[in-house]
Amino acid sequence: MNGFMTILRRDLHLAIRQSIDSMTVVMFFVLVVIIFPFGVGPEPNILARIASGVIWVAALLASTLSLERLFQIDYEDGSLELLSLSSVALEVIVLAKVTAHWLTTGLPLIIIAPLLAILLNMNKEGFLVLILALVVGTPSLSLIGAVGAALILGARRGGVLLALIILPLYLPVLIFGVSAVDAIMNGFEAKAQLLILGAFLLAALPLCTWAATTSIKQAIE
Amino acid sequence: MNIFSAENLICVRGGRTVFTGLDFTLKAGGALVLVGPNGSGKSSLLRLMAGLLKPASGILRWGAEKISEDPEGHGGRLHYVGHHDAIKPVLSVEENVSFWASLMNGGSGDGKATLAALNTLGIGHLEKIPGRFLSAGQKRRVNLARILSTPAPLWLLDEPTTALDRETITSLETAITRHRAGGGMVVISTHSDMQLARHQVIDLAGFAETRPMLEHAL
């Protein structure tokens, strides 16, 4: 547990010193959402209809953007090697780094999402469910993304490859995240979708940690 | 007393056999110097010793215990200095060193030990300087300060003198002597001369595969 906190604190520290990196992700998220009304026209009903989908897709893209650096920088400067040699289990190190990634990129997106929802004329019943779905869903995105980030270690032009690997894997989270909001807007309950998102998170927690750890070990060799 | 040993190590990298049939025994307080031309496997052998690489065949032991059975335990008792210095450009010298120290100690960095390590290598005055302003030699010194700041019985140093000036090499030699006097072991690969008392030498050129490699000739 101490090792987890030490690495989490260090990664948060690094993220704050390089806050421009997290800011870029949030700005990208905001821009993608803002661009949509220009493309599909300012018709309020249409915007309200697509609001949750647009916000989720933008969140997926923004998350992909930031993941490339999750392990790459530590890999290049030799830190990952030394981390793997420490007495802290590599699984714990991966979890700490994923947690730091979510806190510095996932959490800001959740905070700013309601503002963008207003911009897209989303009904206010949808807000709470949108936030809940993002809270349960975005950690899964960080976990799945960690597998991709570990797989691209050592590859040139890893960023595009990363998107190709993980965007298809994001689909289940996207489907249930959007349908949770749609259900509420159409007068149904969203409990089932939120529970499924929770189940994804519980499954991703051990599986993605294991997969990312294994591919990091491969990359270090 | 601790003994670090290996039997019949074979290392294969990218389909090429780098060295075969390598044995060594290192006792507490011992020093092992790896020499050999470029590509003869000095770095690979150090990575095998650290557990970063798996041998194609052969066994590495710490006392009676195989290191492959407890890689985390093995990692906890060694300090490895590789080709990269693992310095974060946005963290100060002191923050860089104390992060690794606290990871090694399980949560608590010791400020005094960090500063003492920096002073030993003559970079105490750079304590607050961010990593991005350091020269190559200063980065290497910060990396070496990392291993001085927390005790570990086994030091694996891959060309530690790269970019160091003569004065710092002397400080490093003194630090190694002190480490060995306390029962520590050191394995070091080097091209430049280092003054180490009572050391064993492995010349890796002597362990290269002698059989002609037909598949490569084709």
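# A tour of chains A and B

Start with strand E1 of chain B, residues 3-13: E1(B) and E2(B) pair in the antiparallel sense over eight bridges. Strands here are DSSP runs of at least two residues (E), helices are runs of at least four (H or I), and both are numbered from the N terminus. Two strands pair if DSSP finds at least two bridges between them. This is a predicted model, in which local features need pLDDT of at least 70, side-chain atom pairs count only at pLDDT 80 or more, and totals for chains, interfaces and linings use all residues. Residues are numbered from 1 along each chain as its sequence is written, and chains are lettered from A and ligands numbered from 1 in the order in which they are written.

**Stop 1**

**Stop 2: strand E8 of chain B**

Select B:185-189. Is E8(B) mostly covered or mostly open? It is mostly covered, with five of its five residues buried. Buried means that 20 or more other C-beta atoms lie within 10 Å of the residue's own; exposed means 12 or fewer, partly exposed is in between, and C-beta atoms are placed from the backbone. B:Met185, B:Val187 and B:Ser189 point one way from E8(B). B:Val186 and B:Ile188 point the other way, and all are buried.

Strand E7 of chain B (residues 154-158) pairs with E8(B) in the parallel sense, over five bridges. In this pairing, B:Leu157 stands opposite B:Ile188. Strand E3 of chain B (residues 31-35) is joined to E8(B) by four bridges, and the two run parallel. B:Ala31 has B:Val186 as its bridge partner in E8(B), and B:Leu32 has B:Val187.

Stay on E3(B). Four bridges also join E3(B) to strand E9 of chain B (residues 200-203), and these run parallel. Pick B:Val35: B:Asp203 of E9(B) stands opposite.

**Stop 3: the loop at B:Ala86**

Move to the loop between E6 and H3 of chain B, where B:Ala86 lies. Check the backbone. Phi of B:Ala86 is near 55°, a positive value in a residue other than glycine. B:Ala86 counts as buried because 23 other C-beta atoms lie within 10 Å.

**Stop 4: where the chains touch**

Show both chains. The contact takes 22 residues from chain B and 20 residues from chain A. Two residues are in contact if their C-beta atoms, placed from the backbone, lie within 7 Å. On the chain B side, the elements that give two or more residues are helix H2 (71-76), strand E6 (78-81) and helix H3 (93-105). H3(B) supplies the largest share of that side, five residues. Colour the chain B side by class: 12 residues are nonpolar, seven polar and three charged. Nonpolar covers Ala, Val, Leu, Ile, Met, Phe, Trp, Tyr, Cys and Pro; charged covers Asp, Glu, Lys and Arg; the others, Gly among them, are polar.

**Stop 5: the largest nonpolar core**

Which residues touch the most other members of this core? Among its 122 residues, they are A:Ile55, A:Ala59, A:Ala133, A:Ala146, B:Ala145 and B:Leu156. Helix H7 of chain A (residues 124-151) gives the most to this core, with 14 residues. A nonpolar core is a set of buried Ala, Val, Leu, Ile, Met, Phe, Trp, Tyr and Cys residues joined through C-beta atoms within 7 Å. Centre on B:Ala145. Not counting residues up to four places away in sequence, B:Ala145 touches B:Val97, B:Ala117, B:Leu118, B:Leu121 and B:Ile123.

**Stop 6**

Select A:44-67. H3(A) has 24 residues and reaches 34 Å from its first C-alpha to its last, close to the 34 Å expected at 1.5 Å a residue. The expected span is 1.5 Å times one less than the number of residues. Look at A:Ile50, where H3(A) bends by about 50°. That bend is the angle between axes fitted to the seven residues ending there and the seven starting there.

Step to A:Glu43, in the loop between H2 (19-40) and H3 of chain A. A:Glu43 counts as exposed because it has 11 C-beta neighbours inside 10 Å.

Finish at A:Asn121, in the loop between H6 (90-119) and H7 of chain A. Its phi is near 65°, positive in a residue other than glycine. A:Asn121 is partly exposed, because 17 other C-beta atoms lie within 10 Å.
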